[in-house]
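Colleague: I've got a model open and I'd like to learn how to read its packing. Can you walk me through it?

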Amino acid sequence: KVREQRERLGRGLGDLGFAVFPSGANFLLARPPGEKAREIYEQLLQRKILVRYFDLRRLSDCLRISVGTEEEMDVLLKALRDILGPGAA
């Protein structure tokens with residue numbers, strides 16, 4: 001289930017313009033379009049969707065997103081489409 005949802009999440013993020021790093025773990029590291037990682041993190045947090053943002057030089061443009069259930073991934077991807085606005089898949 002984790003592998004299936006990780007692959008699905010990776011495709012969904014890619015469709016939204018994220019650069020997704022390869023992963024064999026229960027999370028994905030992804031770089032959002034437009035260097036908006038901190039902004040997206042804060043907007044997700046306001047919606048009570050928790051992802052990790054690292055304020056570190058080499059990771060400050062990325063989000064670490066844990067793989068959840070199909071329903072949780074649906075909520076996340078919908079929120080990201082809303083945040084990224086028109087033009088997001």
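Modeller: Of the 21 residues in the largest nonpolar core, Leu-13, Phe-18 and Leu-44 touch the most other members. Such a core is a set of buried Ala, Val, Leu, Ile, Met, Phe, Trp, Tyr and Cys residues joined through side-chain atoms within 4.5 Å. Buried means under 20% relative accessible area, exposed over 50%, and partly exposed in between, with a 1.4 Å probe and protein chains only. This is a predicted model, where local features need pLDDT of at least 70 and side-chain atom pairs count only at pLDDT 80 or more, while totals for chains, interfaces and linings use all residues. Residues are numbered from 1 along each chain as its sequence is written, and side-chain values use heavy atoms, with hydrogens and water left out.

Colleague: How do I read the burial pattern of a helix?

Modeller: An α-helix has 3.6 residues a turn, so residues three or four places apart point the same way. In α2 (residues 37-46), the buried ones are Ala-37, Ile-40 and Leu-44. Down the axis of α2 they fall within an arc of 70 degrees, so they line one face of the helix; the arc is that of the directions from the helix axis to the C-beta atoms. They pack against β3 (52-53), β4 (63-66) and α3 (70-84), where contact means heavy atoms within 4.5 Å.

Colleague: What about two packed helices?

Modeller: They are described by the angle between their axes and the distance between the axes. For α1 and α3, the axes come within 11 Å and cross at roughly 10 degrees. That makes α1 roughly parallel to α3. Angles under 35 degrees count as roughly parallel, over 145 as roughly antiparallel, 65 to 115 as roughly perpendicular and the rest as oblique. Axes are lines fitted to C-alpha atoms, for helices over the stretch in contact, with angles from 0 to 180 degrees between N-to-C directions.

Terms used:
Helices (H or I, at least four residues) and strands (E, at least two) are DSSP runs, numbered from the N terminus.
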